[in-house]
Amino acid sequence: MFQKMLRTQYGFFDLFNRHAATTLDGARSLWSVAEEWPHIAGLVRRIDELEHECDSITSMTVDLLHRTFITPLDRDQILKLISKMDDVMDSTESAARCMHLYEVCQLPDKMKEMIRVLCRAMEQVNAAVPMLRAFKHQDKMREMFKEIHRLENEGDGLFYAGISELFR
């Protein structure tokens, strides 16, 4: 009977998948901002809409967490996962808004590279999140997590290199 209860999922994994896909869409939209610079007003609005959608998904997840007695993952893990994914979308929106707000004349190459890295990382996240439901692909997930971590380090390196270039 317990297995049957777990099979009739409570929607957590669907919300995780939806958030990951929406965040990937946001990252790709940010790449479009970089490609179509400086004609980006519509793209920034699109990213803003995606960020609001992610906030709604996060809210639904927290609400579901409060209404669910038996969760498929530890409550803290659910909250941490959805919060971290939401942080990525928040940062994506913030970057798009700042680029538009400050009317940057030209996007630095390092910024474009960082956006490409963000897209690749989000593609990995979007592929890994659906695997959480089954817990069957642990080796593949571990490799994906290593790649996400490597991409994070690559992004950090690009960030510091970009900051350094600004002061030269």
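Aromatic pairs and a nonpolar patch in a predicted model

Q: Why is Phe-16 called buried in this predicted model?
A: The relative accessibility of Phe-16 is 0%. Buried means under 20%, so Phe-16 counts as buried.

Q: What makes Phe-13 count as buried or exposed?
A: Phe-13 has a relative accessibility of 2%. That value is set against the cut-off of under 20% for buried residues, and Phe-13 therefore counts as buried.

Q: Where do Phe-13 and Phe-16 lie?
A: Both are in helix 2 (residues 12-35), three residues apart, which is about one turn of the helix.

Q: How many aromatic pairs does the structure hold?
A: The structure holds two aromatic pairs. In one of them, the ring centres of Phe-13 and Phe-16 are 5.9 Å apart, with the planes at 85°. Centres within 6.5 Å make a pair, and planes over 60 degrees apart count as edge-to-face, so this pair is edge-to-face.

Q: What makes the pair of Phe-159 and Tyr-160 edge-to-face?
A: Their planes are at 70°, with 5.2 Å from centre to centre. The cut-offs are over 60 degrees and within 6.5 Å, so the pair is edge-to-face.

Q: Which residues make the nonpolar surface patch?
A: Phe-159, Tyr-160, Ile-163, Leu-166 and Phe-167 make this patch of about 600 Å².

Conventions:
Residues are numbered from 1 along each chain as its sequence is written. This is a predicted model: local features need pLDDT of at least 70, side-chain atom pairs count only at pLDDT 80 or more; totals for chains, interfaces and linings use all residues. Side-chain values use heavy atoms; hydrogens and water are left out. Patches are made of residues with over 30% relative accessible area and no salt bridge: like charges are joined within 9 Å, nonpolar side chains (Val, Leu, Ile, Met, Phe, Trp, Tyr) within 5 Å. Accessible areas come from the Shrake-Rupley method with a 1.4 Å probe; for residues, only the protein chains shown count as cover. A salt bridge is a side-chain nitrogen of Lys or Arg within 4 Å of a carboxyl oxygen of Asp or Glu. Rings of Phe, Tyr and Trp (its six-membered ring) pair if their centres lie within 6.5 Å; planes under 30 degrees apart count as stacked, over 60 as edge-to-face and the rest as tilted. Helices (H or I, at least four residues) and strands (E, at least two) are DSSP runs, numbered from the N terminus. Buried means under 20% relative accessible area, exposed over 50%, partly exposed in between (1.4 Å probe, protein chains only).
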